[in-house]
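Here is a dialogue for reading contacts between and within chains. Have the structure open while you follow it.

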Amino acid sequence: MRGNAFEARVKADGGTELLRLLHERMGAGARPPVPGEVLVPDLTAAGPEGRVARTALALREATGAAGGSAAWTLLVHPLLALEVAGSPAYLEPDAVVVRPDGRWIVVEIKSFPMIDSSADPSKVGAAARQAAVYVLALERVAARVTGAAVDHSVLLVCPRDFSNLPTASVVDVRKQLSVTRRQLTRLTRIDDIAASLPEGTSFDLERCSPAELTAAVDAVSAAYAPECLAACELAFHCRGQARSAGAVEALGRGVRGELGGLTTVGAVLAAARGESTPGVADDDPTVVALRRAAALRAEALESVPEGLEAVSRGPGSVPEGAVAGCR
Amino acid sequence: MTATTASDRAGFDPGAEAARATDAILYDTLHGAYRGVVVDSPPGAGKSTLVVRAALELAAAGRPLMVVAQTNAQVDDLVSRLAEKAPDLPVGRLHSNDPDPYDPLLNELPSVRKSAKAADLAGLDVVVSTAAKWAHVQGVEPWRHAIVDEAYQMRSDALLAVAGLFERALFVGDPGQLDPFSVVGADQWAGLSYDPSSSAVATLLAHNPELPQHRLPVSWRLPASAAPLVSDAFYPYTPFRSGTGPADRRLTFAVPSDGSGPDRVVDEAAASGWGLLELPARRTPRTDPEAVSAVALVVRRLLERGGATAGERGPQAAPLTADRVAVGTAHRDQAAAVRAALAGLGVTGVAVDTANRLQGREFDITVVLHPLSGRPDATAFHLETGRLCVLASRHRHACIVVCRAGVPELLDEHPSTEPVQLGVTIKFPDGWEANHAVLSHLAEHRVPWQP
Amino acid sequence: MSLINTLARLEAVESGRAQPLTTVRHRRLSERPMVFVPLTTAGEAGAPLGALVGTDRESPRLLTVAQPRDRDLRFAFLADLAEALLPHLDSYADDVEPAERNETDPETGKRVKVEVDLCVDAPQLIVPNRPGIDFVRLLGRSMRFRRTAEQDPDTPYPAPARVPLLGRWLTHYGERARVPGSSLLLAATDLLNRHWATGQSNLEDQHLGALLAWIDPPDGGSGRDAALRAETDRDRRGQLLCPPAGPATDPAFDNRLLAPAIDEYDRARQSLGAAEDGPGADEQLGRLTRAEREIRALLASQARPTWDAVWRGLDLLRELPEGARVADRWTRDRWSFTGHRDRVRSGEPPQPRHDDAVTAAQKLASRETAQAQLEAQEALDDPLVLAGRRLSGEAFIGEVTDVVMAYSESKRPSPRPLITLYSEDRPQLGERTKVYRSLDGKPQSAEFVGREPGGHGLLVVRLTDRMGRGKEPAEGSVPEKGERIAWTLFEHDQRGGPKLPSTEETPWTHGGPPGVEGAGAAPAGGPVAGDAGAAGPVLGAVHLPESRTPADDARPPSPRPSLPLPLPDPVTEEDFL
């Protein structure tokens, strides 16, 4: 609700606010946009392919016009296409602005606040990654338009402090661009993933039973890390798999890095207790360190005076009024 | 062997270019209107030579100055060089009250006066000390001039503590090496122009963007086989070239190869300036015994095979001795493990240290345990460009890297969910890109080996 | 994570229960902590929905905002929050004891001891988790620049009395929470995670319900299973049995239960407005009251389990004895509280939006000192923490096998006895490395001399201080044969950093003194010329020429004539806070 009102505010009157902010932050060298003289082409068309074509045409015209008439152009909800793993993906940036000098700039409008010119870094990072994909898609189009150049910085527009007034910040997305380019080239083609699955595997939610779906998901190997929990709905499933396998990485990437060749909980504990682990030498530095760690820990816990039971928790008792679900 | 004048190479005359840059820097320092001059100095570009020369020229022009370095070793090195170039010039060495506050060698230099009190040294033309010691100095008249050495490794708050002691300064440093950091979080100031955890130069330029920025265009240390890679990968905006041509330096071994992996990679390094000894892919502890042992073996073979280096400095080839070889690692425990392995092989006199401690030093050949070898993933620490840059830029002749296979794949799997702070200038090069660039270059000099 | 802590985690995985990371409690727990459980909407900019607050676990005070988009209701919530928190803060403000502090005499420039008041105790604020701490900072930031009608009769949307004051206190507490080892504002998850290792990752440990399940599972069953249930179990209505500790509520709750209730409230209010004083007004009032009550009940159902979880966590922590040096760190918290009390009383303006260069550098330096201090003190207080330092070679335990008297070579020789120690640890000792042990609560230094050749584990150190002034060492100052002593390679007390210039003397390298035209904090992207609707530049107006005392420090305030208030934030209809 508030987000919609905000976006509307930013784009009102032919994008006056948006362009003012953009010119202020990224308009160096270009004449300021004059409200009322900004071109806002109509991008409607039938179907995604139609819209993509209409957007490309508008971009071409804007760049052509730019050379001549020093006009700013604002494209609202353009549609772009990008080939991902062999299939086209359709992308819809909030806005793309074409400067009079032919420069194309991605604008992303978000509803998280910028307070005292700073914003939640993880949200900014996510917005940067999203905008970088748009920049990549625009580059594909710009390659076929003379005089066009896509800016490697994007404009991030957010509410200012606690209000709904817009403020903006320039975000350099070159790092996110190079990451996305590499990922796109590496991304396994969907055909290849499908080829490795058992015959008849289906992910169709309508037609499969929960057991069939679980089996289908299980057939695709996963690389779980706790960070997945915040990012992906399948994370709980992958976590369960990792935990059943006793994989050390369920505890986090940092833990995994410390333990060298010992990859399961069982192997680590066995090594720490002085038992031999197949495939790992007894003088392996991690094994030596673990045994020492175990000895030091045991020594410290023993040195606690008698009667100090708090050290090892006994069975707890449920206090009055506590909701069982929360423990 | 005659030294090729590198001016035949596409018209680039390194000596002339370097001299031109130095003249411009000195001009700005002595006569410029700005309060600060910044010099980007890539590895082996003659930073210390520049600092010494600038100090002497200022002194000769009747402008007393203070010099700020970051460590005691750097201070003592500068003092020695000053005394060497100008034996009659009185130089002050301000030191702390700790035991062994300065190198005892300074005691043999009659022109050097040492004191723990700045007031004792105030009248001298040049006074040198560490930033930490200068920060405690109070109640003296500010100097008109200062030179701040290793300014990119100096933290912003360290500059804040000493900037009141001088009016104008020449800031010299290497932007490609390790950045300053803090063990406590400093995120709340990220994006502010005076973020206390950022580098002194970053803060200085954020507030004074009009200051003249120079760069030294030539590395006299890095051979022609290394300068292009290091420059492209780590100094994309301040490129530099090698001061020597491909034929100007030679590394040879009298004893032929015994066909083992270490010997083959030594031969590769002698021929091309680089070598990659690649062990089979495996996840290992940080002090991977096989990799550590491989490093030690390579070092031993380097010293056993009658190596000799020849270059532009003189017609005679010099024997490759232990003090001209160094081992670089990312972590202290790795360095300790290599030292132990070398001791076990009876090899002594070889410097073994982490990137942090190798900064500023130079050798003929370096052997590097790759920061990502044997790791399951790449953390920000290991991807830090400064670390890799230091490890790859210490050598005059060749650099041999020991690494397990699988690192390029590890890099590709590195997730990209990094947070972004608004207002912070992106630092280039990107650690990921730099690592890939170095690895693809090394791939051309790979010697796979099963220990 | 150190290997010893990793091992503890893996043991927790195997046993299904959390394992101890400490043998003592390393943070102060107040007798009467003020627990604050805020709730905000699940959307991107979380608007406050309400909170449970209080010092009595049985009777928390429930504050609610029936319609988060209504500014008056939000302000009423803030006013209620002020009334719940400020008297508690005030109750500590006047209970003082005399104390001494070092200050620089402005005339002579020398360090002198000054007698000041120090609050005997300080109020402690506890929130469920780190987002709770962030919310305290957000609230503080949103409130402290508001103006009451009394301060500024012309201000649009005047804040209720005492709300700006609450903002300043919350900002102070939020800033103090960044200091390592401080206990004024704590998150229950951080407290528990410091003392126990669960069998899950750090990220999952931020879930208070799961964390408690690992540490203290119901009926002594499997912590892991209880944690999974806490994370995922939902009831028939799709609501989490263990609601998130917040502040953000679960979207399923927001969408399915809360939104309809708020809609009903809106409709009731509208109808009441339409009915005015006519017939049916009473009925509409009754409808409105019911709608309000429904919302309150819903919010209570989300916040109460978290409230109980926080208190349960505090119970678990109280079972641990307090570490010996915790009181020393709490004393610094008391100085911090007292300092801010003094600044408020002397009429100083609220904390600026951005620290200036000197303040930022001072804070960084003092936090680094605090971090080193904290690490050292925790190791000295707790053999299990020391074990971690022993593993990393930064500490060792040695048994004294021999003591040989020796003296320094000076005109008046002082004792420098050589102590031979047997240790199985492997400390990273180099030539003349300094080591320290604790003698009567204070550090005593020694120097590493060397290892006994051939004798494994035997090493020799030379004691260098705290043996008195005579030629022979004072009684009890030298270890005796057979004693088992813990030595550290890190110092026990940290020296403060170098003096930084005052704010007025900020050098040109850092932009010169703030408040000067064109100088001062500029976000690296360039100064903001002035956004739509804002009055004047964002940053320049707020910087006052006088230096701001960092929130971490307890420098005395200087009484000064009333200064202009800093500019308030811009305001629109759709503000969320």
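Q: How many residues of chain C are in contact with chain A?
A: This is a predicted model. In it, 80 residues of chain C are in contact with 71 residues of chain A.

Q: What is the area buried between chain C and chain A?
A: The size of an interface is often given as the accessible area lost when the parts come together. Between chain C and chain A about 6400 Å² is buried, and carbon and sulfur atoms give 60% of that area.

Q: How many salt bridges does the rule find across the interface of chain C and chain A?
A: The rule finds 11 salt bridges there. One of them joins the side chains of C:R141 and A:D116, with 2.8 Å from N to O. Residue pairs in polar contact across the interface of chain C and chain A number 15, with both residues at pLDDT 80 or more.

Q: Which element gives the most to the side of chain C that touches chain A?
A: Several elements each supply at least two residues, including β1 (19-20), α3 (130-143) and α9 (281-318) of chain C. The most comes from α1(C), with 10 residues. That side of chain C divides into 41 nonpolar, 15 polar and 24 charged residues.

Q: Which residues do ring pairs link into a cluster?
A: A pair of aromatic rings is described by the distance of the centres and the angle of the planes. The count over all chains is 6 aromatic pairs. Ring pairs join C:W169, C:Y173 and C:F337 in a cluster.

Q: Where does the charged end of C:R71 sit?
A: The charged end of C:R71 is over the ring of C:Y157, 3.7 Å from its centre. The charged end of C:R389 lies over the ring of C:F490, 3.9 Å from its centre.

Terms used. Residues numbered from 1 in each chain as written. Chains lettered and ligands numbered in written order. Predicted model: local features only at pLDDT ≥ 70, side-chain atom pairs only at ≥ 80, totals over all residues. Heavy atoms only, no water. Contact = heavy atoms within 4.5 Å. Buried area = accessible area lost by both parts, 1.4 Å probe. Salt bridge = Lys/Arg side-chain N within 4 Å of Asp/Glu carboxyl O. Polar contact = N/O pair within 3.5 Å; in protein donor to acceptor, adjacent residues only side chain to side chain. Helix = DSSP H or I, 4+ residues; strand = E, 2+ residues; numbered from the N terminus. Nonpolar A, V, L, I, M, F, W, Y, C, P; charged D, E, K, R; others polar. Phe/Tyr/Trp six-rings, centres within 6.5 Å; stacked < 30°, edge-to-face > 60°. Lys NZ or Arg CZ within 6 Å of the ring centre and 35° of its normal.
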